[in-house]
Amino acid sequence: MTLEVKLRKAFSTKPGKFVLEAEFRAPGGVSVIFGPSGAGKTTILECVAGLLVPDSGRIALGGDSDTDALEATEVKNEILFDSARKIDLTPQQRRIGYVFQHLALFPHMTAAENIEFGIAGNGTRREMLVRDVMERFSVTHVAGHRPAEISGGERQRVALARALVTRPRILLLDEPFSALDDALKLDIIADLKQWLCRFDIPVLFVTHDRSEAAALGERVLLLREGRIVNEEATSGGWENARRLPGVSPAR
Amino acid sequence: MNWQAFTLTAELATLTSLILLVLGVPVALWVAFSRQRWKFLLEALVAMPLVLPPTVLGFYLLVAFGSGTVLGRWYQRVAGSTLAFTFRGLVVASVVYSLPFAVQPMAAAFRGVDQKLIDAARTLGVTKRTIYRRIVVPLAWPGMITGMVLSFAHTVGEFGVVLMVGGNIPGATRTLSIDIYDQVQGLNYASANQTALVLLIFSYFLLCLLYGLNRRALLWGSR
């Protein structure tokens with residue numbers, strides 16, 4: 001499964017106009033979107049999720065292909081957005097898992113209710129899915145607690161479980177670990193990696209933190225001022241990442 | 001104290017606020033989330049009773065209830081009588097008159113629900129209806145209670161519309177505010193004072209309840 005993104009989105013900002021123009025392919029596995037604040041990282045995720053409509057472009061999900069030409073894989077692709085063909089699937093139709101920066105857990109629901117919120121229907125299948133994902137992310141013990149009653153790490157795990165329980169075709173992570181200490185972060189990343197071994201889906205992982213990205217990322221997309229300036233496998237990508245302003249040093 | 005007027009007023013205010021809960025929630029959801037260009041036209045219509053003199057509203061409702069309109073004729077055919085100068089007519093008039101007092105706090109509360117929560121629900125594949133039912137409405141409960149309490153209090157205190165649409169029929173349309181007016185007209189100030197004092201204390205109690213609930217909701221929200 002490969003996510004193919006080509007989009008343009010312009011914003012009016014105080015200093016002038018900000019234009020995001022990004023084109024990249026993200027095959028199964030974790031692609032890190034790395035860059036300083038205001039580079040347009042979250043905007044890319046929101047466009048892929050369908051929460052923001054690009055001015056123009058094309059976002060498609062398809063089978064793996066050796067060719068770089070987006071058009072060549074069109075037959076196998078499911079188009080999520082195509083400005084030329086006026087296709088714009090709603091977020092509900094896209095089957096995407098999204099973990100927001102501040103998690104966006106529903107505060108009036110328990111952890112279990114948060115997790116089962118997106119699963120259609122009732123019955124044993126639903127229960128099995130919830131139990132399975134809660135065990136994998138070690139949150140069974142907080143099932144009956146509301147987000148305000150559990151720790152930051154547990155909230156993170158619940159948010160991941162909620163995003164993954166619906167078996168999404170793409171996973172979007174918007175700096176979800178930024179508020180955690182390193183040990184906890186690596187622990188959660190290990191659980192996530194295990195899950196991704198079972199489901200080979202494209203993951204777009206936005207972060208400022210090199211240690212996080214190194215622990216999870218397989219390739220890096222360097223984003224600066226709305227443009228992808230480099231696209232490489234993790235080790236090579238870091239050499240360029242270091243030179244970007246606003247990028248945090250390794251911890 | 002005229003207990004008949006007291007009971008009638010309580011019945012009228014309770015019915016009105018319950019009807020406004022049922023009617024007001026969908027209207028407020030639409031006002032809060034619709035992106036229609038012409039939305040402002042309906043918003044202005046809902047808010048009209050805030051600025052319109054009650055006698056003007058009452059006059060048009062009286063005309064609408066009469067046999068000269070489609071609505072009036074339809075009701076007479078179905079119910080066998082007119083809505084004017086009846087308790088049912090008062091309920092309809094109170095619902096229209098108090099609509100903005102219910103819809104505006106509800107719409108404000110719905111708009112105040114964190115957009116990220118709505119976005120998260122959308123990415124989880126659920127329908128708009130489910131998002132409203134399970135996320136927006138439960139998180140906006142303080143606004144809904146505010147809307148109900150305000151419409152209840154507003155109905156208790158309404159005068160002009162009641163007089164125009166209901167007249168002053170004991171046991172049918174004579175509410176507490178009309179009763180006070182009657183007492184003053186008859187120079188019976190002691191009795192008017194007694195009823196007015198009850199309404200004064202009642203209004204203060206309701207507002208205390210409202211502010212207390214909002215304070216609790218703020219504390220709950222910040223946990």
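Reader: Where does Leu187(B) lie?

Author: Leu187(B) is in the loop between helix H10 (176-185) and helix H11 (189-221) of chain B. This is a predicted model, in which local features need pLDDT of at least 70 and side-chain atom pairs count only at pLDDT 80 or more, while totals for chains, interfaces and linings use all residues. Residues are numbered from 1 along each chain as its sequence is written, and chains are lettered from A and ligands numbered from 1 in the order in which they are written.

Reader: What makes Leu187(B) buried or exposed?

Author: A residue is buried if 20 or more other C-beta atoms lie within 10 Å of its own, exposed if 12 or fewer, and partly exposed in between, with C-beta atoms placed from the backbone. Leu187(B) has 7 other C-beta atoms within 10 Å, so Leu187(B) is exposed. Its phi is positive, about 60 degrees, although Leu187(B) is not a glycine.

Reader: Why is Phe85(B) called partly exposed?

Author: Phe85(B) has 17 other C-beta atoms within 10 Å, and therefore counts as partly exposed. Phe85(B) sits in the loop between helix H4 (70-79) and H5 of chain B. Phi of Phe85(B) is also positive, near 60 degrees, in a residue other than glycine.

Reader: How many helices and strands does chain B have?

Author: Chain B has 11 helices and zero strands. Helices (H or I, at least four residues) and strands (E, at least two) are DSSP runs, numbered from the N terminus. Of the 223 residues of chain B, 37% count as buried.

Reader: What makes a group of residues a nonpolar core, and which have the most contacts inside the largest one?

Author: The term means a set of buried Ala, Val, Leu, Ile, Met, Phe, Trp, Tyr and Cys residues joined through C-beta atoms within 7 Å. The largest such core has 119 residues, and those with the most contacts inside it are Val48(A), Ala161(A), Leu172(A), Met106(B) and Phe110(B). Helix H5 (residues 87-111) of chain B gives the largest share of this core, 13 residues.

Reader: How do you know which strand pairs with strand S1 (residues 2-12) of chain A?

Author: Two strands pair if DSSP finds at least two bridges between them. Seven bridges join S1 to strand S4 (residues 56-62) of chain A, so the two pair, and they run antiparallel. Lys6(A) stands opposite Arg58(A) in S4(A). S4(A) also pairs with strand S5 (residues 78-82) of chain A, in the antiparallel sense over four bridges. There, Ile59(A) stands opposite Phe81(A) in S5(A).
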